[in-house]
Each structure stands twice: as C-alpha cells, then as structure tokens.
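Hi everyone, thanks for coming. Please have the sequence and the 3D view open while I talk, and we will walk through a few spots together.

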Amino acid sequence: MSATKPITQVRPFFDRDTETWSYVVYDHPGGSAAVVDTVLNFDQASGRTSTTGAEEIIQFVRGEKLTVEWILETHAHADHLSAAPYIREQVGGKIAIGDQIRKVQTIFRDLFNLEREFLVDGSQFDHLFHDGETFTVGELQGRVIYVPGHTPADMAWLIGDALFVGDTLFMPDVGSARCDFPGGDATTLYRSAQKLLALPEDTRMFMCHDYPPEGGREYRCETTVGEQKRNNIHLHEGISEEEFVAMRNKRDATLPMPRLIIPSIQVNIRAGQMPPPEDNGTTYLKVPINTL
C-alpha cells in the first residue's frame, strides 16, 4: 500500500491597505511551516511602521504550535514593506529569496546611491534559492521556479500542490503583472507564465495581490492552473507572445508608480531591514527626484 501524500495546509492573511496576501503554509498542526510574502505596516505620511499584520501571522503560528522553517519572499516587492525580520525574531525561520536578487540590488543600489557598505551579493538574506532547487517544509516537498519578467528576480514557490506565484499572475479577471520596473520585460514574463501554466491543471495557485474589478467581486487569493489557462484575461490559452507583449507594454505605459515603491524597494532589497541609522541615530529613506 503506497503512502498518502501529506496535504498542503494554507492559511491566507490579507492586508487591505496594500491589497497584499500573505500565507502560512504548513503540513499539519504542531508541524512545520513556511511564511510567504509578509507585510510590515507603513504609514507614509508619518514614516511610522507597525507590526499589526505580522502579529496576526505570529499568533496563528503559535496557536497551531508550528515550527517556522522558511520565511519566503517571491521577489523584492515594490508595493509593501516586508516584515520578514520581525517574523524571524518572533518565531524563527530562515529568510529566503531567489538568487537573482543580486541583479535587483545592483539596479537599486545605483538608483538610490546607497551607502558604500551596502552589498549586492544577497548576503542580507539567510538563503538564496536557485531555479529548480528543492526544499522541505516538514513533510511537504517544495520546488523553486524562476519566473522573471515583473522583475529580474521573481520566484514562484511550489509547495506540495500549492503554488505561490508572487506578482507573475493575478486572478483570472485581473490578468498579469506590470513589466515596466527597472529590469522588467514583457516577453520574459510571458515565457515565465508558460512555465506555471504547464503545471497540472488542479494545482492550486495563490496570489500575492488581488485588485478586483470596480463594482465586482470580493477579494480572492486562490485559483487553479486550469482556471488561469481557460480564463486569464491576459494569458489564457491561444494568446500569442506577440499579442501579450503588445498589450502589456501598451497598458504599462498608462500605469502610475506604486504608492509605496520608494520606501518598499529600499527596505526589501535588504531582506526587510531598514537602512543603517545616520550619525544622529535616525534612519532615513531616500526619495530620488525626477528619476522614476
């Protein structure tokens, strides 16, 4: 008699301010867990942070008596600050991202003219995953899928039958991620999406964000590969690479910069840490003028 595969348990958490989904992925209560794409609450007007959203995750982890093995980032987010260091401090785990983060660090080190001591080798993270690398979350098997296009460093995490896609794909009625950030590319995103859409159709797919059409449905975080192939408004079956690239580039030219891109990037390329304080003991985030 063959052994039964463990069921991937997924508990979503939603941050309404940034429309971000975070997840605790685990094998069973009392078992092992990974935390995906956490949010540090940030008030841009005052420059104040809080850990309200992170505390919900921590309370769940403790309530289920889970051992956090990994704190995973799909990419260096441009729309929210990561709470990964705070999660690690409270419940443990290794902060991990894809090894191509070095490219993103190089781009934004130069754009923000960061301090001389800032390293572009990914050493701020506990582990850098490479494409195709495997890992475990307790009894669950994980695999890393490199999906650049939105940024040069995006990774999707396949844990059991649950796929965490970051910003590569959105819900079918929303479509796909923008590709006009530094290092982004619509052709590359199309090809990355095809990797994900080639997975078994019953693979559960979990979004990092949801932007429901105005006057439409409630926020959702989960779909399937099959539903995306049939119904994704940008990447359903039959859409050619040329058609997608033309649509994506035209649409991206109309989009404003994300509200929190400037603070988010400076923090997230540091694995969620703030820049070092200056000689007066205060930490500052830079705003490049007439650059982005």
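Let's start at Asp15, which sits in strand β1, residues 9-15. Helices (H or I, at least four residues) and strands (E, at least two) are DSSP runs, numbered from the N terminus. A quick word on the source: this is a predicted model, where local features need pLDDT of at least 70 and side-chain atom pairs count only at pLDDT 80 or more, while totals for chains, interfaces and linings use all residues. Residues are numbered from 1 along each chain as its sequence is written, and side-chain values use heavy atoms, with hydrogens and water left out.

Back to Asp15: is this residue buried or exposed? Asp15 is buried, yet has no salt bridge. Buried means under 20% relative accessible area, exposed over 50%, and partly exposed in between, using a 1.4 Å probe and protein chains only. A salt bridge would need a side-chain nitrogen of Lys or Arg within 4 Å of a carboxyl oxygen of Asp or Glu. The nearest side chain of opposite charge, Arg259, is 6.7 Å away; for charge, Lys and Arg count as positive, Asp and Glu as negative, and His and the chain ends are not counted.

What Asp15 does have is a polar contact of 3.3 Å with Asn41, side chain to side chain. A polar contact is a pair of N or O atoms within 3.5 Å; within protein, one must be able to donate a hydrogen and the other to accept it, and residues adjacent in sequence count only if both atoms are side-chain atoms.

Now look at Glu19, in the loop between β1 and β2. Which side chain makes a polar contact with the side chain of Glu19? The partner is Tyr219, at 2.7 Å.

On to the aromatic rings. The whole structure has 15 aromatic pairs. Rings of Phe, Tyr and Trp (its six-membered ring) pair if their centres lie within 6.5 Å; planes under 30 degrees apart count as stacked, over 60 as edge-to-face and the rest as tilted. Take Phe13 and Phe60: their ring centres are 5.8 Å apart and their planes at 70 degrees, so this pair is edge-to-face. Phe13 belongs to strand β1 and Phe60 to helix α1, so the pair ties together parts 47 residues apart in sequence. Both Phe13 and Phe60 are buried. Elsewhere, Trp70, Phe129, Phe135 and Trp157 form one aromatic cluster.
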